[in-house]
Amino acid sequence: MTPAIAAPYAAMVIDARSGEVLHSRNADTRLHPASLTKMMTLYIAFEAVKNGEITMDTKVRVSKHAAAEPPSKLGLKSGQRIALRYLVRAAAVKSANDAATAIGEAISGSEAAFARRMNRTAKALGMSNTTFRNAHGLTESGHLSTARDMTTMGRHLLYDYPQYYNLFSRTSTYAGVREVANTNRRMLGSYRGADGIKTGYTRAAGFNLVASAERGSERIIATVFGGRSTATRNARVAELLDLGFKRAPSRVALRKPALPVYNGSPNQTVGSKTVRVATAIKKSLRPMLRPGSAATPAPAPLIAEVDPNAINLGIEDALEEAKSASLVNKEPTRPAPLIVEDQEPQVVTRLTTSGGRHWGINVGRYTSRYAAEKMLLKTALSEINTLDGSLRKVVKSSRGFDANFMGLSRETADLACRRLQARQISCFMIGPS
């Protein structure tokens with residue numbers, strides 16, 4: 001890979017919690033984003049799933065156009081069918097161009113139509129200096145963005161779809177046809193608290209990176225365009241993250257960015273026919289394991305409105321991946337952060353399901369949210385039989401961070417605690433409130 005010495009430099013650092021700008025340089029200069037583009041491709045994929053346009057289990061047919069994309073790529077073949085979830089993993093972790101194009105074509109019918117949707121969404125997000133021409137970010141005339149806009153994009157990914165954010169912290173993942181390594185694994189492994197988000201490289205762009213890191217209650221997002229190499233880019237991003245943590249206040253009110261106006265359509269055109277795709281489910285007796293999966297109605301009356309896509313999907317996806325790739329006995333390097341607001345009421349959707357699943361278990365109290373999340377994921381992977389289908393929940397109090405599994409029946413909660421205690425793991429049951 002030839003160093004992109006002539007690529008212009010730009011940078012941006014924000015406090016992710018408030019959106020406050022802590023540092024900027026050439027932040028509004030329009031430059032080549034390279035594979036940072038895939039953040040928007042993935043954002044729209046998550047939006048499409050949420051609104052019922054497609055599901056993570058939809059088998060996508062790979063076109064000749066998608067299969068012919070240059071590296072980095074997953075190696076998809078024309079005519080191959082592959083679940084959307086694997087395309088998402090490949091685009092997020094390996095930065096696969098063929099996967100990104102296949103995602104765009106699956107959602108909008110063609111890459112050109114998908115690019116138009118990308119631009120509508122960018123405008124809705126306030127990315128006023130960004131123009132997309134493709135789904136992958138390879139250099140194309142007019143395909144430009146800024147450090148400020150890509151920082152905005154990263155913040156929206158973090159807060160608008162937290163249930164998917166764990167994808168960006170995986171050092172490797174199974175992508176349907178093979179295991180792929182994260183293009184950002186060096187940064188993830190070397191900077192304390194780093195858990196995403198996306199790298200990008202082309203000769204025109206240089207080495208780009210939008211990075212996010214969390215330490216205690218603080219979270220910083222830093223963006224660099226125009227790095228000369230992976231090493232120098234990572235070093236610069238580390239400096240910027242350090243600057244951010246130094247300048248950010250320890251405590252600040254969380255102000256999530258506003259969700260954009262939905263720019264998709266539940267009507268999709270296939271050939272000459274317009275097909276009505278089922279819109280997002282608004283009520284469900286039993287939340288589904290994954291967005292878009294078929295729900296099985298129960299004769300009991302509805303207890304509460306729940307959005308199935310609001311269920312934390314990271315654990316189910318991690319478990320499914322562990323099973324399919326024979327990784328059950330391996331502990332993920334960095335579990336996904338659960339975005340939990342401390343001041344606002346928390347809705348645990350699984351507690352409204354039928355079957356008496358109103359119980360939970362506590363597996364310890366920890367000094368940081370990261371430690372609690374790590375324990376939850378480690379416990380879930382080691383106790384699949386009893387905890388599969390439960391909801392991980394980190395509850396902050398003045399005494400620390402409680403690691404809880406919720407949405408269990410009393411019998412299951414009791415069994416899980418007994419099994420964990422037999423392995424010398426602290427556990428006690430939580431009754432219905």
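Reply: The part in question is an open sheet of four strands, ordered β13-β14-β12-β15 and paired in the antiparallel sense. At its edges stand β13 (391-397) and β15 (428-430), each with a single partner strand, so one side of each has no neighbour in the sheet. Ignoring direction, neighbouring strands are turned by 35° against each other on average. The model is predicted: local features need pLDDT of at least 70 and side-chain atom pairs pLDDT 80 or more, while totals for chains, interfaces and linings use all residues. Residues are numbered from 1 along each chain as its sequence is written, and side-chain values use heavy atoms, without hydrogens and water.

Strands here are DSSP runs of E with at least two residues, helices are runs of H or I with at least four, and both are numbered from the N terminus. Two strands pair if DSSP finds at least two bridges between them. Within the sheet, β12 (residues 359-366) and β14 (residues 400-408) are joined by six bridges in the antiparallel sense. One of the bridge partners in β14 is asparagine 404, which faces asparagine 362.

Two helices lie on these strands. Helix α10 (residues 369-382) lies across β12, β13 and β14, at about 155° to β13. Helix α12 (residues 410-422) lies across β12, β14 and β15, at about 35° to β12. Angles run from 0 to 180 degrees between N-to-C directions, and axes are lines fitted to C-alpha atoms, for helices over the stretch in contact. Contact means heavy atoms within 4.5 Å.

For context, the chain has 12 helices and 15 strands. Of its 433 residues, 56% count as buried, meaning under 20% relative accessible area with a 1.4 Å probe and protein chains only (exposed is over 50%, partly exposed in between). Of the contacts with a separation of 6 or more, 70% are between residues 24 or more positions apart.

Elsewhere in the chain, strand β1 (residues 10-15) has six of six residues buried, so this strand is largely enclosed by the rest of the structure. Ala10, Met12 and Ile14 point one way from β1, and Ala11, Val13 and Asp15 the other way. β1 pairs with β9 (residues 218-227) in the antiparallel sense over six bridges, and with β2 (residues 21-25), also antiparallel, over four. Isoleucine 14 has isoleucine 221 as its bridge partner in β9 and stands opposite valine 21 in β2.
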